[in-house]
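Subject: Structure for you to look at

Hello,

Here is the structure I promised to send over. Please open it first, then read my notes below.

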Amino acid sequence: MRALCWNGVNDLRVERVPDPTILGPQDAIIKVGLSSVCGSDLHLIGGHVPTMRAGDIIGHEFLGEVVEKGPEVTRLNRGDRVITVSIIGCGKCWHCRHEEFSLCDNSNPQPAFEEAAYGHCTAGIFGYSHAFGGYAGSHAEYIRVPFADTNCFRVPEGVTDEQAVFVSDAVPTGYMAADMGSIKPGDVVAVWGCGGVGQMAMKSSFLMGAERVIGIDRVPDRLRAAQMKAGAETLDYSRVDIYDALLAMTGGRGPDVCIDAVGMEADSGAPSTKGLAIEDLYDRGKQALRLESDRPAVLRQMIQCCRKGGTLSIVGVYGGLIDKFPMGAAMNKALTFRMGQQHGQRYVKRLFEHIEKGDLDPAYLLTHKWALDDAPQGYRMFKEKADDCMRVVFAP
Amino acid sequence: MTSGRDGGRRPEGSAGTLERWAAILGGTALGFAGARRGSWALSALGGGLFLAGAAGVPLSSPLRQAALPALRREPTTTQANVTIAVPADKLFRHWRNVRHLAALFPHLDAVEILSDTESRWKAHGPGGVPVVWNSRLDKVRENELITWHTLEGADLPHRGTVLFRQAPGGRGTEVSLTLAYHPPGGAGGDAVSRLFGVAPEQQAREALRRLKRIMEVGELPTIDGQPSGRAERGGSRSRMQEVTG
């Protein structure tokens, strides 16, 4: 089959590779129909995640058809149209049984990396480096899914492929971000990052009763989409001081819930924003020298802006160490931190119901549908945020 | 491979096999520890030791005194702990069936039951070198504890304990595996590393992880045999997988 392989920093190529086969009794093989890019792939492609190996197939947000299944798969049939949650649960360990699927004890076949770096290993993720299991990704004609009964979900008839594909990752990640904010009626929610996950967090915040939602970005078409599609007010951090603006919009209180949908490659704003240009140079310099793996500009800003006693909900991805973390502000303001990779399996059913009822229509995230052969160019466009690109989806 | 048991008697001025292996293994361990902690000094020391060992440079008096005591703790005791979401009686029964243990310790080839309390174990080291020992059960407390020790003449003399305790809050069973190695030439843990190519801590931890995965999900999740852009260039087996066990 054809698959998109990572061969080194910013070196993606579509190559011929063997077809996947059933390796465990709970596996299924899915014929990929749609497979989306994701912002978190950019960290891998750019070499910020150290356990990528040349030849790895990337991609983790996908929809397809069950074409083969292992003898212990009971809830799926050949021909089923399914989405697969990007983060793999075994369904049996204590964490999976408590719906914390991304903390699964068993799905990562290469736990030594994470145990050394993080103290414990977490779940395997498709196409997401060997620290997260080294599973082959979905930018391919076929993909093998372990523990298929736990991780594959049939798509209801009333939901289109273009809507469903994002229920693999972007929608549940945004939904979980809002869920972790424990939003109460009257709450103001600020979301850093107006990409796919950020916009889903905005929509979800409204579904959970937020009074106002404020989206923060600097890419004009993303700010426009956050306004038009997600119903948010928006702030362009390259033009305004975010702290001043958020306090002005909230009577000096600050947002009740701050959501990080950016992660470790944040930048700190325009030179006009006071003091932040120096902070950005500092973080970029340290990251380039590998003295700091992640740039925490969004985290620092959220801590500064958040209402006293408010909640920070972090779904933007971090991989390693940060520094200059304003712990004094966080502690004295009694902030709550919630974070994690998505527990998508917990939310899929609820999300399909929202989509069927018309509460939520993630299909607009799909701005470009391209052939798999054009995937390297697709990633380039996505990275440069060119041509109003929100998400490129490949159709093998 | 068993030459490490010569106890380190050798002519002055040339590094003995034991010392060379200790330097190589210790150097590797220090190198990795250094890399993990981002400590160049530790990595460099490890690299130096490794090279000294590989080249047979005698690490005579001062350096040997400084570097080797830490590597020569006798016996080397290692413990691994894991919580398994399965009741203790089920885990106990599984462990008592020695046929199941080969799946936990991949170096194990065969276990032969000699009597109610004695058994004969055959394993292999790198390059298929046979490692053989006889083992006797000391204590067996139903659903709680199994202890054993190896008998005279074992290639890998050790004592072992596996303990099953109910975990709080319905989390299943806490399992502890303790292995104390007493190789006749000293250098406890290194001898194990030398015999199996895996550090003893890692061996114990991996064994309990396999037990957990087999008992909780009924299979060992794997990526061996999946496609990649490497497969076309020869072999789809993951090198990382070999390293991690």
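Trp6(A) has Asp56(A) as its bridge partner in S4(A). Keep in mind that this is a predicted model. The two strands here, S1(A) and S4(A), run antiparallel and share two bridges. They belong to an open sheet of three strands, ordered S2-S1-S4 in chain A, with antiparallel pairing. S2 and S4 of chain A are the edge strands; each has a single partner strand, so one side of each has no neighbour in the sheet. A helix covers part of this sheet. Helix H14 (residues 375-384) of chain A lies across S1 and S2 of chain A, at about 160° to S2(A).

**Where the chains meet**

How many residues does each chain bring to the contact? Chain A gives 37 residues and chain B gives 26 residues. On the chain A side, four elements each supply at least two residues: strand S1 (2-6), strand S2 (12-16), strand S4 (56-57) and helix H3 (112-118). By class, the chain A side has 18 nonpolar, twelve polar and seven charged residues.

**Chain A as a whole**

Chain A holds 14 helices and 18 strands. Its C-alpha trace spans about 60 × 50 × 45 Å along the principal axes. The radius of gyration of chain A is 20 Å; a compact globule of 396 residues would have one near 21 Å, so the two agree. Of the 396 residues of chain A, 57% count as buried. Take the contacts in chain A with a separation of 6 or more: 73% of them link residues 24 or more positions apart.

**More strand pairing in chain A**

Strand S6 (residues 81-84) of chain A pairs with two strands that I noted.

- Strand S5 (residues 61-69) of chain A runs antiparallel to S6(A), and four bridges join them. Here Phe62(A) has Thr84(A) in S6(A) as its bridge partner.
- Strand S10 (residues 152-154) of chain A is also antiparallel to S6(A), over three bridges. Here Val82(A) stands opposite Arg154(A) in S10(A).

**A helix pair in chain A**

Helix H6 (residues 170-180) and helix H13 (residues 344-357) of chain A pack at an angle of about 100°. Their axes are 9 Å apart. Angles of 65 to 115 degrees count as roughly perpendicular, so H6(A) is roughly perpendicular to H13(A). Which residues meet? From H6(A) come Val171(A), Pro172(A), Tyr175(A) and Met176(A). From H13(A) come Gly344(A), Tyr347(A), Val348(A) and Leu351(A). The residues of this contact divide into seven nonpolar, one polar and no charged.

**Arg144(A)**

Arg144(A) sits in strand S9 (residues 142-145) of chain A. Is this residue buried or exposed? Arg144(A) has 25 C-beta neighbours inside 10 Å, and the cut-off for buried is 20 or more. Arg144(A) therefore counts as buried. Leave aside neighbours within four places in sequence. Arg144(A) is then in contact with Pro20(A), Leu23(A), Asp27(A), Ile29(A) and Ala136(A), and with Gln226(B) from chain B. For scale, Arg144(A) and Ala245(A) are 101 residues apart in sequence and 47 Å apart in space, C-alpha to C-alpha.

**The sheet in chain B**

Chain B has an open sheet of seven strands. The order is S1-S7-S6-S5-S4-S3-S2, with antiparallel pairing. Strand S1 (76-84) and strand S2 (108-113) of chain B stand at the edges; each has a single partner strand, so one side of each is left without a neighbour in the sheet. On average, neighbouring strands are turned by 20° against each other, direction ignored.

Within this sheet, strand S6 (residues 158-166) and strand S7 (residues 173-181) of chain B pair over nine bridges, in the antiparallel sense. Leu163(B) stands opposite Ser176(B) in S7(B).

Two helices pack here. Helix H6 (residues 200-217) of chain B touches S1 and S7 of chain B, and its direction makes about 20° with that of S1(B). Helix H4 (residues 88-96) of chain B lies across S1, strand S5 (145-150), S6 and S7 of chain B, and runs at about 155° to S6(B).

Best wishes

Key. Residues numbered from 1 in each chain as written. Chains lettered and ligands numbered in written order. Predicted model: local features only at pLDDT ≥ 70, side-chain atom pairs only at ≥ 80, totals over all residues. Contact = placed C-beta atoms within 7 Å. Nonpolar A, V, L, I, M, F, W, Y, C, P; charged D, E, K, R; others polar. Pairing = 2+ DSSP bridges. Rg over C-alpha atoms; globule rule 2.2 N^0.38 Å. Buried ≥ 20, exposed ≤ 12 C-beta atoms within 10 Å, placed from the backbone. Axes fitted to C-alpha atoms, helices over the stretch in contact; angles between N-to-C directions. Parallel < 35°, antiparallel > 145°, perpendicular 65-115°, else oblique.
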